[in-house]
Structure formats: C-alpha cells, structure tokens
Amino acid sequence: MTKRNWDLTALLNAADPQAALAERNLWLVRLLEWLRHAPRDDGLPATPRPLVRLKHLLNVLERHPEHARAFAAVIAGVWNDVDAVALFAEVGFAPRMALWHEFLARLRRRLLPATADTRDLAALFELLFGDEADEDWIAAIDDELLGRLGLLFTAAPDGGWRMEMQAALTVLVSSVHAAGLAGPLRVRMDELLLQDRPFHQLPSAWEAVERALQQREGDVLAPTLQYLRALLDRCRAAALTVPEHLEAHGVSVDLMFSVEQLTARLDRIEALLACLVSPEPQRELLRLVAGLVRVVHERRSLRTLFARHYSLLARKVAERSAETGEHYITRNRAEYRDMLARAAGGGAVLAGTTLFKFFIGLLGFTAFWGGFWAGVNYAISFVCIHLLHWTVATKQPAMTAPAMAHRLLHIDREDGVQGFVDEVAHLVRSQVAGVIGNLAVVAPIVLAVQLLCRLAFGAAPVGEPQARYVLHSLGLFGPSLLFAAFTGTLLFASSLIAGWVENWFVFHRLDSAIAWNPRIVAWLGQGRAQRWSRWWRANISGLAANTSLGLMLGLVPALFSFFGLPVEVRHVTLSTGQLAAAVGALGFGVMATWDFWSCVICIAGIGMLNVGVSFLCAFKVALRSRGIHLADRRRVYAAVRTRLRHEPLSFLVPPK
C-alpha cells in the first residue's frame with residue numbers, strides 16, 4: 001500500500017505508543033500524507049482539503065476513545081523522545097554565518113534523502129511538512145477546530161513545550177548576543193544605536209524574564225518583558241544600519257547573510273515570547289508552526305538564497321559601472337570630438353594588437369598557450385589604452401547600461417521619459433563615435449604596415465595563407481555572428497568583474513592601506529603613498545575590466561576547445577584590422593570580390609552584436625538590481641520612435 005493510499009482505519013490501528021521511535025516518526029509522516037492527499041470531491045471547494053480530512057479524523061477519534069488514546073500517546077511519546085529545542089532555535093537558520101556554507105547545506109538537503117530515524121525534531125519537522133501548501137491550511141485552522149485538536153495533546157505535559165521554548169530562547173539570545181558583538185558587524189553598526197549597549201544587556205534581560213516566567217510573577221513579568229522587547233527593537237535597528245554602511249563602503253554578501261540571520265533570530269525570539277506569555281497560546285503556537293513551515297521551504301531554495309543576498313552586490317557593481325559609464329556618454333560637440341580622438345588612439349593601439357596576434361599564431365603554440373599569449377596581448381593593449389585615457393568602443397556598452405538604467409528611475413514622469421530618450425540619443429551617438437574612431441584608424445595603420453613591410457622586406461607580416469583564412473572565417477554565412485554575440489557576453493562579464501574587484505578594493509579599504517600602512521609609507525614616502533592611493537582608487541576598475549577582458553578573449557576559446565567546442569571571439573575592431581591585413585597580403589584587387597564585401601557586411605553585424613549583447617546584458621542586470629520594472633515600456637518605446645522620426649540625426653550627430 002503506497003503512502004498516499006493509506007486508509008484511516010489502517011493508520012489508526014497502526015498507532016503503537018510502544019513502537020520504536022523511528023516507527024512512530026514514520027507513522028506521523030504517513031498521517032500527514034493522508035491529510036494532505038484528500039480526494040478532490042471531499043468537502044467544499046473553498047475549504048482546504050487537508051482541513052476536511054482533519055475534521056474527519058477528529059470525528060472518528062471522538063467516536064472511538066481507544067483510537068484517541070493511542071493517537072495521543074504516540075504524539076506524547078514522540079515529543080518526550082525528541083529534542084524540540086532544535087525545532088524552535090535552529091530551523092531556518094544556518095549553523096555558520098557563511099553564505100557558501102549555507103549553499104552547500106541546502107544542496108545536500110535537496111540531493112540526499114532524509115530519514116525518519118531521528119531524535120532531532122527539526123529534521124522530523126521537515127519530513128512531516130514537506131509541501132509548501134502546508135502553511136496555508138495550517139494557518140486556515142479556525143478556533144473551533146483548534147480547540148478540538150488541542151484536546152488530543154492533553155497526554156503531553158503542558159510545561160513540556162514551555163521548557164523547550166525557554167531553552168530555545170536561551171540559545172537564540174546567545175546567538176544574537178554573539179553576532180551583535182562580533183567585530184565584522186559591530187564596527188558597521190550605527191554608533192548612536194550602540195551607545196546603550198543593547199547586545200550586551202540582552203542575556204541578562206532574558207534571564208530576568210525567564211525567572212519571572214518560572215516563578216509565575218505577573219507583576220514582575222510585565223516590566224521585564226517590556227524591557228526585553230525594547231532591547232530587541234534596539235538590536236534590530238542597529239543591525240539594519242549595516243546594509244547602509246555596506247552601500248557606502250563596499251558590499252559583502254557574507255555580512256548581508258549575517259545581518260539577515262540576526263534579524264530572523266530576533267523575529268523568532270519575538271514569536272516564542274508571544275507563545276510563552278499569551279493567555280491563550282494555542283493560536284500563537286499555530287502561527288509559529290505555520291511560520292516554521294514557511295522557513296523550512298525557504299531554506300530549501302537555492303535561487304532564493306542567491307537572489308536575496310547578491311541583489312545588493314549586483315546593485316553596487318552596477319552603480320560602480322554606472323559611475324565609470326558616465327565618462328563614455330557624450331552630450332555635446334566638444335565631448336563628441338574628444339570621443340572620436342580617444343577612439344582613434346585606441347584604434348592605433350589595436351592595430352599593433354592585430355599584427356602581434358598574427359605573429360603569435362606563427363609561433364605554433366598549443367591551444368592553451370596560444371590562447372594564453374593571445375590573451376596577454378589583448379590585456380596589455382587594453383590596459384595601455386586605459387592608461388593613455390583612450391577608448392575601445394565595444395567596452396562602452398557594458399559600462400553605460402547601468403548609467404542608462406539609473407535614468408529609468410524617473411520614467412513615471414513625462415520629463416523623465418524625455419530625459420531617458422535624450423540619454424538614448426547620447427548613448428547611440430557615443431557608440432557610433434567610438435566605433436568610427438576605432439575602425440577609421442586600425443584599418444589604415446594595419447594596411448600601411450603590410451604595404452611598407454612588403455616594399456622594404458619583400459614580404460608582408462601577414463602572409464597569403466593567413467589572409468585566405470581571414471576571408472573564410474569572417475564570411476557572412478559562417479558562424480562569425482554567433483561568435484560576435486558570444487564576445488558580447490565576454491564584454492559584459494568584464495564589466496561585472498570590474499565592478500566586483502572595485503567593490504572588493506573599497507570594502508577592504510585597500511586605498512586607505514596604501515596611504516597609511518607604515519611599511520608602505522616608509523617605502524614610498526607619505527606624499528607618494530597618498531598619490532598612489534588615489535591612483536589605485538581611480539584606476540582599479542579600469543585595470544580589472546581591461547585585464548579580465550583581454551585574458552577572456554584569449555583563454556575562453558582555448559578552454560572551450562578542450563571540450564570539443566569550436567568557439568572563437570569576434571571583436572569588431574580586431575576583425576577590421578584582420579581584414580585590412582588580408583587586403584595588404586592579397587592586394588587591392590580582393591576588394592572587388594564578394595568574399596571581401598561579405599566580410600565587410602559581417603563586420604558591421606559583429607559591431608552591432610558586440611555592442612547590443614553587452615549593453616542588453618548589463619542593462620537587464622542593472623534593472624533587476626535596482627528593482628525597476630518597465631510596466632510602461634510601451635510609452636518609452638513610443639517616445640524613442642518619435643525622436644527617430646522627428647530628429648533622426650540626433651542619434652548620429654551632436655547638437656550645436
């Protein structure tokens with residue numbers, strides 16, 4: 001007989017108070033399964049099916065006292081034989097204040113089966129209430145049904161659950177006390193809220209309440225309970241200032257996880273206190289059980305864990321990218337000319353990068369080392385461009401997207417929509433200027449080097465076989481456009497790495513360490529240490545972005561090749577340089593062939609995909625991290641189309 005097809009009579013006959021604990025636990029699991037899987041036609045549609053069966057169970061037990069006695073004896077026996085403190089003090093909480101440790105614990109809980117042979121009521125609770133819908137029907141139990149249900153638990157001593165709850169409260173108060181005094185959280189809390197030392201006073205305040213509960217001194221309980229709750233509120237207020245500090249001084253997901261665990265323990269303390277001091281605790285106990293069911297299922301979710309704790313980090317990464325991205329948006333003709341000049345400088349450097357890439361290919365490295373040195377070539381070039389304050393067009397979108405997302409905070413107003421459309425025009429114009437500046441310089445320089453080397457040495461750096469391969473690999477009907485979209489994701493990933501590294505740099509206060517570390521100051525001198533501190537703070541994001549992008553462009557295709565996946569990168573500027581090198585090797589006559597123009601059309605597509613994919617990925621992350629929902633996106637799209645119809649040149653040429 002399967003667990004879902006258990007008959008009630010068979011279940012009640014199987015209730016054996018003298019059975020082993022594992023058998024009694026398993027009997028309770030089967031009883032809950034029987035409640036949960038009522039037939040569709042049981043009861044009224046508006047009544048939860050488990051409640052219909054629960055009423056039927058109570059009716060049967062009231063008519064058959066012998067079954068009721070066995071039922072109550074099994075429950076009382078299980079309660080006496082298990083450790084209930086863990087249920088009240090540990091369910092929903094991680095044993096360690098570490099996010100990745102909690103991730104591994106959740107993964108293990110999802111993959112490994114649980115056992116009913118346990119004395120841990122917390123583990124048994126997860127087996128009993130394994131359906132998320134259990135919370136709803138438990139919360140729907142009315143007072144009449146709750147009173148009838150309470151009569152079945154008279155076999156268990158009333159003081160039993162109170163003693164367990166008091167022990168659990170001692171555990172919770174100790175955990176909150178330790179977490180609140182731990183350095184990583186304490187130094188990030190508001191000092192004004194810590195002046196009264198609420199975390200220090202918490203254990204003694206709980207001890208006073210516990211003594212009043214044990215001695216049943218009502219006149220003493222009220223003021224001590226009020227003082228304890230005031231301390232709990234003070235502790236919660238102090239803990240909630242930690243995220244504000246993290247937003248200003250760098251985010252740590254482990255600290256965010258610790259704050260959430262601390263505040264959740266404070267909530268559990270309040271819930272247990274409500275059960276202990278309520279004149280009619282049945283309703284509070286029921287509310288507590290429903291809440292425990294909810295946290296059990298929340299703690300099983302891996303997606304919830306990361307979505308909740310990485311949201312703030314994602315927002316800070318997006319905001320740091322937005323700060324950098326503002327420098328890539330041109331709003332007037334002077335900035336537009338400056339962008340063209342900086343993009344031209346970047347194109348000149350990438351011309352050398354293109355030629356050196358062909359040289360690396362001639363050395364005959366293995367796949368990994370060829371990819372590694374190609375990545376080093378890219379990284380050095382990108383870092384040089386950054387240090388010279390020049391630009392690479394395809395790096396702009398991932399940085400400018402968060403800045404664009406920030407503009408969407410005000411699209412509920414008409415002027416906000418128009419402001420966003422203005423930013424769209426500025427952004428498109430800036431991207432066009434960057435691409436034009438890069439391509440207008442990289443192609444002539446590579447072609448000139450090819451022709452000069454042929455005149456001077458009789459041979460060009462890039463030979464005919466390599467040139468033929470370029471024409472073949474950049475063809476319009478090959479996989480180049482897919483590779484271009486993949487390259488766009490690498491461009492986006494480099495912006496995330498840059499934001500994360502900058503957040504890490506700020507969180508660990510490395511700029512302050514460079515400026516004030518005694519050894520560094522003694523080595524560099526105070527003035528130079530201060531300048532180095534400011535330089536690293538201003539450039540850490542750019543160095544991380546350019547280094548990571550270069551290494552990914554070289555190494556990722558090599559790593560994919562180990563798995564038999566022929567993935568390559570297609571970067572619009574580098575591809576243009578390669579096509580120019582092919583023209584220099586094959587002669588200008590190749591420009592009259594379809595193969596050449598197929599590559600030209602493909603390069604245009606590569607540019608759009610490089611820019612579009614990286615921008616869309618960064619824009620989506622920025623929207624989610626800021627909690628922005630484009631409910632009125634139609635209005636935004638309509639405004640952009642209106643601007644295109646009436647002022648199309650504003651997307652290409654800056655205003656006077």
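Before the first stop, a word on contact: here it means heavy atoms within 4.5 Å. Helices (H or I, at least four residues) and strands (E, at least two) are DSSP runs, numbered from the N terminus. This is a predicted model, where local features need pLDDT of at least 70 and side-chain atom pairs count only at pLDDT 80 or more, while totals for chains, interfaces and linings use all residues. Residues are numbered from 1 along each chain as its sequence is written, and side-chain values use heavy atoms, leaving out hydrogens and water.

**The whole chain**

Show everything as a cartoon. How many helices and strands does the chain have? There are 30 helices and zero strands. Colour by burial next: buried residues (under 20% relative accessible area; exposed is over 50%, partly exposed in between, with a 1.4 Å probe and protein chains only) make up 50% of the 656 residues. Contacts across the sequence are worth a look too: among those between residues at least 6 apart, 82% join residues at least 24 apart.

**Stop one: α2 and α7**

Select 21-36, helix α2, and 121-128, helix α7; they pack at an angle of about 30°, with their axes 9 Å apart. Axes here are lines fitted to C-alpha atoms, for helices over the stretch in contact, and angles run from 0 to 180 degrees between N-to-C directions. That angle makes α2 roughly parallel to α7; the cut-offs are under 35 degrees for roughly parallel, over 145 for roughly antiparallel, 65 to 115 for roughly perpendicular, and oblique for the rest.

Now show side chains: N25, L28, V29, L32 and R36 in α2 meet L124, L127 and L128 in α7. By class, the contact of α2 with α7 has six nonpolar, one polar and one charged residues. For those classes, Ala, Val, Leu, Ile, Met, Phe, Trp, Tyr, Cys and Pro count as nonpolar, Asp, Glu, Lys and Arg as charged, and the others, Gly among them, as polar.

**Stop two: α14, a helix with two sides**

Select 242-249, which is helix α14, and pick out its buried residues: V242, P243 and L246. Look down the axis of α14 and these buried residues fall within an arc of 95°, so they line one face of the helix. (The arc is that of the directions from the helix axis to the C-beta atoms.) On the other side of α14, E244 and A248 are exposed. Step just past α14 to G250, which takes a positive phi of about 100°.

**Stop three: H389 in a loop**

Most residues other than glycine have a negative phi. Select H389: its phi is near 65°, a positive value in a residue other than glycine. H389 sits in the loop between α20 (367-387) and α21 (396-407), and counts as exposed at 58% relative accessibility.

**Stop four: α28 and its partners**

The contact of α22 with α28 has 12 nonpolar, six polar and one charged residues.

**Stop five: around α25**

Start at R509, in the loop between α24 (480-507) and α25. R509 has a positive phi of about 55° although it is not a glycine, and counts as exposed at 54% relative accessibility.

Move on to I514, which lies in helix α25. Is I514 buried or exposed? At 17% relative accessibility, I514 counts as buried. Leaving out residues up to four places away in sequence, I514 touches F505, I520, A529, W532, S533 and W536.

Finish at N517, in the loop between α25 (510-516) and α26 (518-524). N517 is partly exposed, with a relative accessible area of 30%. Draw a distance from its C-alpha to that of A529, 12 residues apart along the chain, and you get 8.9 Å.
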